[in-house]
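The sequence and the structure are shown first.

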Amino acid sequence: MRAGSDAQSPIRRGTNLPRVGDFNESVVLDAIRRQPSGLSRVELAKATGLSPQTVSNITRRLLDQGLIRESGRQSSGSGKPRTLLEVVPDSLYAVGVHLDPAVITCVVVDLLGTVVAQRSQSTPSGGDTDKIAADMAASVSALLDGSVADRDRVLGLGIAAPGPIDAAAGWVVDPPELPGWGRYPLRDRLSEATGLPAVLDKDVTAAVVAERWTGAATASRNLLFFYFGTGTGMGLVVDDTVLRGTSGNAGEIGGLGAACSTRTLVEEAVALGVLGAEYTVVNPADAQRGLRRLAELSASGDASADGVLERLSVRIGRGVCAAATLLDVDTVVFGGPVWEVLGERVLRTVEPMVASSPFVKATHSTAVVSTTLGENVAAVGAASLVLDGALSAQPGALLLK
């Protein structure tokens, strides 16, 4: 059997029984989590392909850990009613922080990904990164102190940041819209300040993890998330595996012609006279203000404003069609901090483009939807990184290191 295990060797190595046990436990927990109405042990064995005895042993351990509970009985016709199992949402929690050039958002989510506490603040301008990181850590601590989550039940802290990042080192690396940050060890600084184990990922990757965990695409194994915040990008999932690339920076879409920032969009509108000079962009928050005004003008019938958004929509549609065809996805999800401003207008153009994509003859339908997680999808995604890493069945966990 041949496959890549790391950057040096293309050979995938074997595994041992303890790791198989951990993997199977994650498979069972994941199956229960994905079925809100509950699953019986018989249904679990059928769904996971595990033997009834293995399922029984695993569910007993999960019950003892308090991660699942018996939630009632289900009649199957003849025979003894089957006992249903469901996840205990408040058994574990995770914290997510999204660093966006315009806003910093913190959330606490339970085991099902439901937000139980949140707070947001404008991203400070200037380059005092140590102070900004300290403020972020203080926000996390204050949020936890005021939430229902017990500290001993918090698995960790997930951080979503604009790329590029150094995923292995936990650094942000000169984010374009965050001047003065340079190469900054954000993961370790926040972990040290909060006392929580931390993980750092790109915001677009965090967003697609959120959609897999608790959003609009929990049933999809192949999906694309188009992220629209201060900048744009794509989160990618193929065969139920999140694609991160060699350095953790997969998802940049400049080569597809679909990249855009709120700054460049508003600057275009100002240059064309669609928006007045008072909307000249000084910082990312200014860009969001101009974007809202541009959307209002388009909705009121201003042809010039609508033309700006139509050109944007076509670029996005072409990029999404190309990526969706290349990866053969069945679901495209749109979201991000400013998506609610543009979503309805953009989808009016993009949906028919995806439905009639000219790249290949369609062999399946492709769902095009907006996120159900709102503007905080990247923050929820950051927390979902923790849940996903700790509790989901990760094929990589079967590889010897």
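## Salt bridges and their surroundings

At 22% relative accessibility, Asp240 counts as partly exposed; the classes are buried (under 20% relative accessible area), exposed (over 50%) and partly exposed (in between), for a 1.4 Å probe and protein chains only. The model is predicted, so local features need pLDDT of at least 70 and side-chain atom pairs count only at pLDDT 80 or more, while totals for chains, interfaces and linings use all residues. Residues are numbered from 1 along each chain as its sequence is written, and side-chain values use heavy atoms, with hydrogens and water left out.

Asp240 forms a salt bridge with Arg221 at 3.8 Å, N to O; the term denotes a side-chain nitrogen of Lys or Arg within 4 Å of a carboxyl oxygen of Asp or Glu. This pair links distant parts of the chain, 19 residues apart: Arg221 is in the loop between α6 (203-213) and β12 (223-228), and Asp240 is in the loop between β13 (232-238) and β14 (241-242). Helices (H or I, at least four residues) and strands (E, at least two) are DSSP runs, numbered from the N terminus. Arg221 is partly exposed, with a relative accessible area of 46%. Both residues belong to a network of salt bridges that also includes Arg212 and Asp388.

The structure holds 20 salt bridges. Three of them are set out below.

| Pair | Distance, N to O |
|---|---|
| Arg41 and Glu70 | 3.5 Å |
| Asp130 and Arg189 | 2.6 Å |
| Arg221 and Asp240 | 3.8 Å |

Arg41 is partly exposed, at a relative accessible area of 27%.

The salt bridge between Asp130 and Arg189 links helix α4 (residues 129-145), which holds Asp130, to helix α5 (residues 186-194), which holds Arg189; the two residues are 59 apart. Asp130 is partly exposed at 44% relative accessible area, and Arg189 is partly exposed at 34%.

Helix α9 (residues 303-327) has 25 residues. From its first C-alpha to its last, α9 reaches 35 Å, close to the 36 Å expected at 1.5 Å a residue; the expected span is 1.5 Å times one less than the number of residues. Asp302 caps the N-terminal end of α9, with a side-chain oxygen 3.0 Å from the backbone nitrogen of Ser304.

Just after α9, Asp328 takes a positive phi of about 60°, although Asp328 is not a glycine. Asp328 lies in the loop between α9 and β15 (331-335) and is partly exposed, with a relative accessible area of 48%. Asp239 also has a positive phi, near 50°, and is a residue other than glycine. Asp239 is in the loop between β13 and β14 and is exposed, at 51% relative accessible area.

A cis peptide bond, with omega about 0°, joins Gly163 and Pro164. Pro164 is placed in the loop between β7 (154-161) and β8 (165-166).

Note on methods
Polar contact = N/O pair within 3.5 Å; in protein donor to acceptor, adjacent residues only side chain to side chain.
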